[in-house]
Amino acid sequence: MRTILHPILSVLVSAVAVLGAADYPTVIRVGYPGVGNDGYSPVGVSTAGTIAGKGLFEEEFKAEGIKFEWTFFKGAGPALNESLANGLLDFASGLGDLPAIVHRASGIETRILAANARRQNTYIVVPTDSPAKSLQDLKGKRLALFKGTNGSLAWAKILKDENLTESDFKVLNFDSATARGAIATKDIDGYIGGSDVFQLRNRGVGRVVYTTVGRTPYLGRFTTLLVTKDFEQKYPQIVQRIVNVWVKEAAWGSNESNRSDVFKYWGKSGQAWADFKEDYGQDTLASHQSPLLDDHFWNHYRKGILAAHEFKLIRKTFDLDSWVEPKYINEALRLQKLENNWVRYDADGNPIAGSATAAGAVSR
Amino acid sequence: MSRSTSILSLALLAIAAAPAADDIATLEQRIQVLEKSQKDLLDRIRSLLDSQVVQEDVQGVTNSLESFKYQYQRDRETKSPVSVRGITITGGLAARYAATNRSKTSAGADGKGGNANGTASANPAIVNGRNNTFDVAGAFVNFSGSLYRDYAEGRNLTFNLRFDGTPQTGAAIGNSFANLTNANVVYSPLPTTSQDIDRLTITLGQQTLPFGLEANTTEELRPVINSAQFVGATGVGRREIGLVFRGDFGITYDYGYNYRSSLISYNFGLVNGNGPNRADDNDYKDIIARVDVKLPTEYNSWLRELRLGVSYYHGRQVIAGATNAAGALLPGASTYYEGARKRYGLDLYYNHFPFGFTYEFVRSVDDVAAGSSTTERRGNSHTATLFYSFGSQFLASQRNVGAFDDYWPKTWQPFVRFDRWDPDIKISGNHTDIYTVGLNAFFAETTKAQLNLTHKREKLPSGAARPNTAGFITNEIIAQLQYGF
């Protein structure tokens with residue numbers, strides 16, 4: 001009897017295994033809004049970039065044989081949005097605040113799972129021989145901005161902070177690589193960018209006249225990990241494991257003993273180690289790499305939605321509560337006992353005393 | 001104090017001042033630690049010195065740079081094409097095979113023979129029982145570039161120069177000619193440095209007419225191998241020489257997706273109306289006008305890329321008087337007449353990835369010689385195409401991604417098309433319908449494979465030279481590889 005039952009049971013077990021396997025997708029498609037500094041290489045920075053570079057998602061799902069298709073978009077957030085809108089991506093890894101807000105405002109359902117890079121700085125660089133010494137001096141001049149990226153929202157906030165309007169300038173839509181080239185050839189009078197402006201200064205072709213460093217955290221830029229609503233509803237267990245990996249890598253990237261290694265890893269993008277070092281200055285890694293969906297995060301996006309609407313970057317606002325899904329990161333933090341690994345920030349971006357035991361203070 | 005007492009005292013003091021054995025061991029240990037620290041420090045200094053850039057390293061980099069500069073300069077002078085202005089050179093070629101169910105024979109050119117490839121252009125002078133053939137449909141090379149670049153506002157001046165090589169009909173040994181097809185300069189009087197502002201270009205020279213959809217679609221982008229029948233029959237697909245304004249306004253730019261949409265696109269121009277590479281044959285300049293309306297939507301709207309267009313062409317043409325079989329003018333007929341040549345177009349375009357639909361209606365109105373005078377002839381065309389894309393090459397974001405290999409988002413595009421051309425609507429049962437089912441495979445950046453299956457029914461009225469009211473049926477298969485550079 002046992003000899004008959006055994007193969008039948010084996011077949012049943014195999015069938016159950018196969019049916020169980022059907023709960024997994026064969027391919028998971030992840031987008032990253034950028035490429036290397038050369039405008040070509042499939043590399044990135046922040047937690048999203050190191051996860052991709054190290055193949056951590058692939059490693060996590062090796063046993064199930066799930067493949068990951070990473071796409072690095074030259075056209076940054078807007079290009080990623082196009083693919084997301086056409087159902088060609090499951091996850092957006094490191095998508096900036098404005099493109100994510102625009103995408104959600106257009107009615108396409110996504111879920112924010114975790115923060116990626118946060119409190120990112122904005123700089124304005126001018127050609128070396130420009131007489132401008134401040135943003136005010138650039139009134140009426142041609143400034144390059146990669147419109148549609150999170151730099152657009154930061155720029156709108158900077159204008160408000162400086163009591164200026166966009167009509168005070170001639171703002172041209174250039175991607176980052178083109179804008180850097182245009183500064184070098186003096187075809188534009190200024191470029192609103194991130195830490196990539198340092199290479200212009202270091203080459204002697206640019207001079208920084210404005211920075212958000214030391215100003216209100218309201219001006220900082222955020223990026224996130226988000227998933228399509230369909231994928232999240234269909235594969236919640238996959239989403240949980242993705243977020244688990246994300247939190248673990250964010251912890252590595254927030255550990256000050258890894259500071260040099262983190263910058264070296266991001267340097268694969270073509271941006272110099274020294275640029276990251278200068279951009280982060282005395283800031284802790286954790287203050288930028290924390291994945292937490294804390295009060296500062298919520299307030300940033302809540303204000304970001306209103307600001308995007310005010311600056312006519314979106315036509316209608318939407319409910320933030322239905323957009324952010326914190327249950328996965330909360331579970332990941334619990335599983336890895338990292339609930340107190342990062343400092344939590346209040347709505348204004350100030351650290352909440354006693355909220356962390358390890359990394360995370362704003363300054364070192 | 002005696003001398004011996006003094007010596008004793010000194011000895012006792014020395015013993016008291018001398019370190020104990022334990023102290024010596026401690027000191028020795030400290031010395032060992034210090035020695036190890038010193039050694040470690042020296043090792044680190046040596047290591048640091050090894051990793052530091054020294055004068056020789058700088059000299060090496062300098063030498064390499066100088067060598068590279070020399071090599072670059074030499075290659076530029078001896079191995080690189082150079083031009084006074086920056087030029088982009090592109091080109092393309094289409095090689096194909098076609099087979100039809102109706103073999104073609106010259107003697108039977110009365111309708112017994114089908115034209116493999118659906119065209120007569122590549123046919124030899126004598127054809128005997130052919131029902132399949134290889135051929136090269138055409139090749140082109142295009143030069144474009146900047147004549148003046150306005151860095152401040154983008155009011156640029158550019159040029160286009162294109163030569164198309166096409167096989168010649170009836171040549172004893174296959175000849176082909178490289179015909180000048182595009183030869184024009186384009187000026188942008190409005191700034192082009194921002195995507196969210198109105199555009200206007202002025203094109204002077206030989207160019208395509210902004211009429212409808214099909215006539216403006218180049219072979220590289222057209223899903224179907226052969227153009228719709230009306231393109232050749234009405235002449236709206238041929239190049240004309242003249243001055244054409246093209247612009248748009250009512251811009252919606254969705255920066256969240258880098259999607260630009262114009263409420264109104266307009267085209268207006270004056271052309272000779274006598275085709276490419278020749279001067280006008282009359283004193284009248286033909287008028288071309290086109291307007292299309294697109295709803296100002298965001299990217300994520302189902303109305304995205306829904307467009308309705310109307311086109312109008314008003315021209316005059318020189319018409320030779322009617323002749324008899326011997327070639328003599330009919331009694332009372334003039335040698336030449338000047339008659340109307342008008343084209344009306346209405347088109348609907350909806351391209352919402354991954355599917356798309358186009359419909360185009362064209363009416364032609366021509367004065368033609370008839371007896372001792374002229375008469376008006378009206379033709380109608382209906383063309384509808386439905387296509388679907390499996391793959392993402394038609395999304396700009398997917399074509400521009402970071403990848404190390406020769407990446408291209410491979411795409412399969414099946415389509416169906418209906419194409420009717422009625423050259424004279426006054427005569428019933430006088431039209432040709434072509435049904436096409438096809439598949440395009442885009443497997444590299446500039447290369448695609450195409451397969452078309454066509455079913456052609458050519459109805460000819462009883463009064464025609466080769467009447468067939470039921471219609472000649474021609475089934476054809478065309479396989480084409482089109483590649484560009």
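How many helices and strands does chain A have? Chain A has 15 helices and 10 strands. Keep in mind as you look around that this is a predicted model.

Let's begin with confidence. For the complex, the predictor gives an ipTM of 0.81 and a pTM of 0.82. Chain B has an average pLDDT of 87, and 89% of its residues score at least 70.

Confidence is lowest in helix α1 (residues 3-17) of chain B, where the mean is 58, and highest in strand β5 (residues 199-207) of chain B, at 98. Where pLDDT is low, the predicted coordinates should not be read in detail.

## The overall form of chain A

Now step back and view chain A as a whole. A compact globule of 364 residues would have a radius of gyration near 21 Å, and the 22 Å of chain A agrees with that. Along its principal axes, the C-alpha trace of chain A spans about 95 × 45 × 40 Å.

What share of the 364 residues in chain A is buried? Buried residues make up 51% of them.

## Two domains in chain A

Chain A is divided into domain 1 (27-118 + 222-335) and domain 2 (123-219). The centres of these two domains of chain A, taken over C-alpha atoms, are separated by 24 Å.

Where the domains of chain A meet, 24 residues of domain 1 are in contact with 16 residues of domain 2. On the domain 1 side, α4 (76-85), α5 (97-105), α12 (273-280) and α14 (295-310) of chain A each supply at least two residues. The largest share, five residues, comes from α14(A). By class, this side of domain 1 of chain A has 10 nonpolar, nine polar and five charged residues.

## A covered helix and a partly exposed valine

Next, zoom in on helix α2 (residues 46-54) of chain A, which is mostly covered, with seven of its nine residues buried. Those buried residues are Ser46(A), Thr47(A), Ala48(A), Gly49(A), Thr50(A), Ile51(A) and Ala52(A). After α2(A) comes Gly55(A), which has a positive phi, near 70°.

For another view, find Val208(A) in strand β9 (residues 206-211) of chain A. Why is Val208(A) partly exposed? Val208(A) has 15 other C-beta atoms within 10 Å, and a residue counts as partly exposed because its number falls between the 12 or fewer of an exposed residue and the 20 or more of a buried one. Leaving aside neighbours within four places in sequence, Val208(A) is in contact with Tyr123(A), Val125(A), Val197(A) and Arg201(A).

## Where the chains touch

Finally, look at the place where the two chains come together. The contact takes 22 residues from chain B and 32 residues from chain A. On the chain B side, α5 (396-399) and β13 (401-402) each supply at least two residues, and the largest share, three residues, comes from α5(B). The chain B side divides into 10 nonpolar, 11 polar and one charged.

Strand β2 (residues 67-73) of chain A and β13(B) pair in the antiparallel sense over two bridges. Which residue in β13(B) is the bridge partner of Phe73(A)? The partner is Val401(B).

Definitions and conventions
Residues are numbered from 1 along each chain as its sequence is written. Chains are lettered from A and ligands numbered from 1 in the order in which they are written. This is a predicted model: local features need pLDDT of at least 70, side-chain atom pairs count only at pLDDT 80 or more; totals for chains, interfaces and linings use all residues. pLDDT is the predictor's confidence in each residue, from 0 to 100. Helices (H or I, at least four residues) and strands (E, at least two) are DSSP runs, numbered from the N terminus. Two residues are in contact if their C-beta atoms, placed from the backbone, lie within 7 Å. Ala, Val, Leu, Ile, Met, Phe, Trp, Tyr, Cys and Pro count as nonpolar, Asp, Glu, Lys and Arg as charged, and the others, Gly among them, as polar. Two strands pair if DSSP finds at least two bridges between them. Domain bounds come from an automatic or database domain assignment. The radius of gyration is taken over C-alpha atoms; the globule rule is 2.2 Å times the number of residues to the power 0.38.
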